[in-house]
Amino acid sequence: MRCKKQLFLIFILASLIPVRSSAQAWIVPDDQKGKVAPFKFTPVMVKQGEQLYLKNCQSCHGLPGKNNWVRITPPPGDLSLEKAQNQSDGELFYRITNGRIPMPEFRKILSDEERWWLISFLRSFNPRYIQPKPVSQAVFTGKIIQLSLSCDLPSKKVKVMASEALKDSSKIPASGVEVLLFVKRYFGNLQIGDSKSTDKDGIVLFEFPSDLPGDKEGKVEILARVNDPGDQFKSNAVSMKLAIGVPTDKPSLIATKTWWTSRRSAPMWVIMTYSLSVIIVWGFIVYIVYNVLKIRNLNNKPNNQ
Amino acid sequence: MTLEKLILDLTHHIRINKGFLVWMGFLLVSLMVCLYAYSIQLRIGLGVAGIRDYVSWGMYLANFVFFVASSLIGMLISGVLGLIGMKWITPVTRIAETIAVAFAAVAGLVIVSDMGRPERLAYVFLYGRFQSPILWDVTVVITYFVLSSLLLFLPLIADMAIIHRSKQALPSWLRPVYKLLSLNFTDRPEQNKIISRSIRILLILLIPAALSIHTVTSWLFAVTSRAGWDSTIFGPYFVSGAFVAGSATVIIAMFFFRKNYKLQDYLTDLHFTNMGKVLVLVSLVYLYFNLNEFIVPGYKLKRADAVHLHDLLAGKDALLFWVIQIGGLLLPVLFMLFRRFRKPLPITIIAVAVLIAAWFKRYIIVIPTQEHPFLPIQHVPQNFITYAPTLIEILITLAPFILVLIIITLISKFFPVIPLFETAKEKGIEKIEFE
């Protein structure tokens with residue numbers, strides 16, 4: 001009995017730990033804290049940011065300065081107050097980008113530029129705010145990019161190399177090219193990590209997750225392309241099949257004989273039951289019709305009575 | 001009673017008179033109107049009916065279930081009561097078989113009215129899946145129709161042989177038809193043996209076939225996981241309900257044949273009383289299944305069931321539901337317990353109420369469930385959410401009833417309604433000339 005009680009206590013405590021950590025810890029990686037906007041904030045950006053705020057943020061955070069955020073847990077809070085304003089631009093950017101439950105991640109909803117606009121809008125409520133010096137990232141300025149894909153299987157690192165093809169058909173490394181990595185699924189592609197920009201050697205390394213299922217041999221098809229929403233460059237998407245995933249052997253739901261498959265893979269006993277019933281009943285019907293038709297000829301025989 | 005008198009009594013209605021022509025004319029004109037409505041549906045599509053993405057099985061499917069149900073009575077009267085040796089059913093058997101054949105024949109057509117591309121009906125056989133209740137359903141409906149037709153035809157052979165030789169006044173073209181159908185029957189022991197053996201086999205086959213036809217029809221609903229359909233007793237629930245509808249149909253038909261064809265001496269009060277008892281019995285069984293069908297999910301009240309049951313018992317469909325259950329099931333049973341309500345006229349009135357309720361019961365089995373999908377479509381027009389049949393749909397739903405009436409009228413008008421040969425034997429008329 002005592003033992004049971006202790007177990008129960010341990011269980012309760014154990015179940016509390018993950019709750020606490022998920023409720024409180026919203027850690028921003030150190031290398032992201034120092035991130036700054038690539039441009040100087042302007043009143044036009046603040047205006048743009050306001051529009052985005054009303055559309056995407058107001059439903060939970062309320063209007064800045066009005067303290068009318070929605071009372072849910074964890075509390076969204078008024079973003080014009082110290083708690084939000086004491087954070088660095090990099091921290092705000094990281095949190096908007098990645099979200100946490102129940103805050104959505106805006107990585108796919110808003111572009112980098114738009115997320116910075118949002119921050120410019122939030123900072124407009126802070127008279128003490130002085131924007132750090134903008135650091136513009138290296139941006140590729142060429143015209144034709146060629147990607148190539150390679151992989152170091154033991155360390156699960158995928159290397160994408162971008163090069164710029166020059167007019168004289170020679171190639172030079174293309175730095176500052178934003179590259180996206182995907183894995184092909186049945187429907188659509190699954191993005192692996194965030195987009196990354198190539199370094200001065202035109203190289204970007206992606207950490208491939210260790211738990212992604214592949215086919216029987218662990219093969220997955222990976223695909224890299226340039227993030228080029230404005231369609232500024234000519235670039236190619238590259239893909240290759242690699243045994244980089246976890247080998248998974250799950251038979252397809254329609255591979256075996258089941259109720260829900262096509263007629264060809266109907267379970268044998270269903271086919272037999274159906275066919276036998278039809279054959280037996282219709283056998284009797286044919287037998288009866290055959291016999292009944294015999295009645296006509298029975299009359300031609302001499303009468304025995 | 002002499003054979004001549006018997007033949008006269010049972011065949012005097014076989015003539016083309018003014019009443020018959022007017023009645024058939026009325027039926028044919030009504031059928032034309034309904035067929036015109038169907039031609040519109042065929043041309044424009046199923047959108048002319050009230051069925052939409054939510055309720056895609058509307059009145060047509062309710063009608064189909066009703067027709068399959070009504071056809072089941074042939075199995076109860078001839079199969080069950082016949083095989084256990086009930087003697088009083090003799091004059092009722094052909095009526096029951098006629099109803100079975102008519103309703104089974106038309107049931108297949110009812111399903112076609114729900115098809116957007118009826119010319120693809122053959123695909124059921126070409127590409128049908130052995131795992132699908134739809135293939136089973138088509139198979140058993142056809143099989144049951146053939147079995148019932150044979151069971152209607154076999155006892156007619158001897159009757160045809162007697163009538164075509166008799167001096168009874170008949171339309172001249174009918175006598176050769178009778179001769180052909182009589183298969184040269186001359187009451188020889190070998191011939192009788194074939195007929196009685198075939199009938200016996202048919203009666204035995206009829207019971208599983210009839211049970212399958214309506215069980216499979218119920219599975220069309222029960223194998224889908226929807227509140228109101230997701231039930232393990234749908235098979236017996238449908239079968240017992242079918243006997244209620246079928247018994248009522250037989251009583252109504254008996255009443256009209258008795259009156260119009262002057263068969264008072266053959267369809268007596270006894271037959272009405274006994275059919276009333278049969279109707280009470282099957283209604284009680286049906287009531288019992290109703291209790292199970294509503295109380296068990298109503299006790300557990302799983303979320304989807306709760307929404308469905310609330311609409312049915314206290315909400316939108318409540319009035320219809322309670323009128324059906326009380327007026328079409330509970331009150332008829334109570335009334336028919338008394339002898340005076342089992343007399344021909346009162347019991348026919350009760351049977352009409354039961355039959356109308358039986359049709360609407362199918363309606364509230366088929367439609368309300370579909371109005372509560374598990375994953376509702378968002379932002380749909382109101383006519384997706386609540387089903388309302390259109391005039392064209394109602395006309396197309398009426399067509400099968402007219403067809404059934406035409407078939408029953410034709411069979412009963414040109415053949416004896418009461419089995420002649422069997423009745424003669426039961427009345428002790430031994431000497432029948434077949435030469």
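# A chat about chains A and B

Q: Which residues does B:Thr249 touch, leaving out those up to four places away in sequence?
A: B:Thr249 touches B:Ser70, B:Ile73, B:Ile99 and B:Leu355, where a contact means that the C-beta atoms of two residues, placed from the backbone, lie within 7 Å. This is a predicted model, in which local features need pLDDT of at least 70 and side-chain atom pairs count only at pLDDT 80 or more, while totals for chains, interfaces and linings use all residues. Residues are numbered from 1 along each chain as its sequence is written, and chains are lettered from A and ligands numbered from 1 in the order in which they are written.

Q: Where is B:Thr249 found, then?
A: B:Thr249 is in helix H10 of chain B, residues 234–260; helices are DSSP runs of H or I with at least four residues, strands are runs of E with at least two, and both are numbered from the N terminus.

Q: And is B:Thr249 buried or exposed?
A: B:Thr249 counts as buried because it has 27 C-beta neighbours inside 10 Å (buried takes 20 or more other C-beta atoms within 10 Å of its own, exposed 12 or fewer, partly exposed in between, with C-beta atoms placed from the backbone).

Q: How much of chain B counts as buried?
A: Of the 435 residues of chain B, 43% are buried.

Q: What about its helices and strands, how many does chain B have?
A: Chain B has 17 helices and zero strands. Its radius of gyration, taken over C-alpha atoms, is 23 Å, close to the 22 Å from the globule rule for 435 residues, so chain B is as compact as a globular protein of that length; the rule is 2.2 Å times the number of residues to the power 0.38.

Q: Changing topic, how do H2 and H16 of chain B cross?
A: The axes of H2(B), residues 18–44, and H16(B), residues 391–414, come within 8 Å and cross at roughly 145°, with axes being lines fitted to C-alpha atoms over the stretch in contact and angles running from 0 to 180 degrees between N-to-C directions. The residues of this contact divide into 20 nonpolar, three polar and one charged, where Ala, Val, Leu, Ile, Met, Phe, Trp, Tyr, Cys and Pro count as nonpolar, Asp, Glu, Lys and Arg as charged, and the others, Gly among them, as polar.

Q: How many residues does each chain give to the contact between A and B?
A: Chain A gives 19 residues and chain B gives 24. On the side of chain A that touches chain B, there are 13 nonpolar, three polar and three charged residues.
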